[in-house]
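Please study the sequence and the structure before reading each solution.

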There are 2 protein chains.
Amino acid sequence: MTTQCRYCPLQRKDAFIPMSKEELSFMEKFKSGELTVEPGTPILLEGSNAPQLYTALTGMGIRDKTLENGNRQVISFVFPGDFIGLQAGIMGEMGHSVEARTHMRLCVFNRSEFWNFFKSHPERAFDITWLAAIEEHFMGEVLATIGQRTAIQAIAWAMVKIFERGQSLGMVTHNQMPLPYSQRDLADALGLSVVHTNKTLGALKERQLLSWSDRVLQINNLAALAKVGMTSLEGRQKRPLL
Amino acid sequence: MTTQCRYCPLQRKDAFIPMSKEELSFMEKFKSGELTVEPGTPILLEGSNAPQLYTALTGMGIRDKTLENGNRQVISFVFPGDFIGLQAGIMGEMGHSVEARTHMRLCVFNRSEFWNFFKSHPERAFDITWLAAIEEHFMGEVLATIGQRTAIQAIAWAMVKIFERGQSLGMVTHNQMPLPYSQRDLADALGLSVVHTNKTLGALKERQLLSWSDRVLQINNLAALAKVGMTSLEGRQKRPLL
DNA sequence: CGGAGGTTTGACTGCGCTCAACTGAGGTGG
DNA sequence: CCACCTCAGTTGAGCGCAGTCAAACCTCCG
């Protein structure tokens, strides 16, 4: 007995566009169950052709891919509301792996009904494409970060992005939010070494802009951090939810 | 009088999944005209909410975005068959600019009919999402390249990707294909300086792997180049065409 | 002929990487 | 209950890949 979508914890967050009653009941049919995983558990594997798609309900994870020399690139951090497995669902092959970093609860969809989804509910199909476009937009910014920003700019930028995402999801209290990743995760996300990432985080802490320890991120001066990261704060924009 | 889709030069390329007669006639209704632009012409602007979407029919271009410090990140190179403007079409804001690098012929679609598109032709909606997924997949690889590969690996990787794309589009003869970009374009795509890009290209030429001058790329040893770039050659995969 | 943009080369510099050692918090087993 | 291991974070020393600066060269074009 899985939770009904109408009681989905994400429905209430103002980060997402609310669904109509009709949509909710359709999603309940599409939904095939729930899955909970523990930290470190792989959810999808790079190169795999997974039969299932997910929406992260609670918890956080990571998308990454590994090169033949063992180097790892973190593609993005997974937050509640993120749709997981689009590439497998549509192209039949994941370009990256997804792994849990905390306890996670996932909403499970069957890939076999994916096409049916497009045929019978064009507005939901549109939302999937919307999510894909958001992802593409974001990855463009990441590219510019890794390619053009210095280490301190990149880390400042990343922290601003993460914090804003946390804000929209209501994860921030007293300028603090949970950030259950390792410095290695962040380093691999930005193409930096762990050592340099550590020192750069130290410099930002020294400047009283942020502190991050014990899996808690605290932002002391978001505006100043955004300036260092050469980015502007964007108003909250709602996104669709699957 | 614009060319009918059934005579579209791209329809014949084996890089693309052929459209049914029914799809072709629908696309002809969706198509609002054609546009030709000269090298250097901006097609879409970062941050803009463009009313039109395009498919590149002939010619090549570039997607890029500019930071506040003037640095430029090239997101990707635009080839014939590429769909341009998805972000504007669906989110209302482009995350990057698109600019022609050669004479280009573009197929123009009206954004106002985009939604109609999803509603009346789910298989075409699916194809749009498919294209978005391909783009996301590719950008993950680019991230790994910029973040993890050294300069020589990155350039080798990029040249392999470009060459394979050229092959699938029938642009390659005698191991040569047109590559109408500047070294600065390539440098900005890979997060390298022009100077270092130039020297690295020289090193690859020295190794007899490739040569690139006068806007023509020649690959002498694709397999060896792929090895340097830490990538494997992928069989030709068809993609949808809009 | 002069200017602009792209390519090439050399000299120097520095940001960020590697190597290495140490700390501290858990977790596990003797 | 402590010895031991592992994993994440921290810090210092030294180095190298790639950036910056600068100048020359080339082609195209007005």
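**Exercise 1.** Determine which residues surround DNA strand D, and how they divide by class.

*Solution.* Taking as near any residue with a heavy atom within 4 Å, one finds that DNA strand D is surrounded by A:S182, A:Q183, A:V195, A:N198, A:K199, B:T150, B:A151, B:G191, B:L192, B:S193, B:V195 and B:H196. They divide into 4 nonpolar, 7 polar and 1 charged, where Ala, Val, Leu, Ile, Met, Phe, Trp, Tyr, Cys and Pro count as nonpolar, Asp, Glu, Lys and Arg as charged, and the others, Gly among them, as polar. This is a predicted model, in which local features need pLDDT of at least 70 and side-chain atom pairs pLDDT 80 or more, while totals for chains, interfaces and linings use all residues. Residues are numbered from 1 along each chain as written, chains are lettered from A and ligands numbered from 1 in the order written, and side-chain values use heavy atoms, without hydrogens or water.

**Exercise 2.** Describe how α5(B) and α7(B) cross.

*Solution.* The axes of α5 (residues 151–168) and α7 (residues 194–206) of chain B come within 10 Å and cross at roughly 70°, which means that α5(B) is roughly perpendicular (65 to 115 degrees) to α7(B).

Notes: Axes are lines fitted to C-alpha atoms, for helices over the stretch in contact, and angles run from 0 to 180 degrees between N-to-C directions. Helices (H or I, at least four residues) and strands (E, at least two) are DSSP runs, numbered from the N terminus. Angles under 35 degrees count as roughly parallel, over 145 as roughly antiparallel, 65 to 115 as roughly perpendicular and the rest as oblique.
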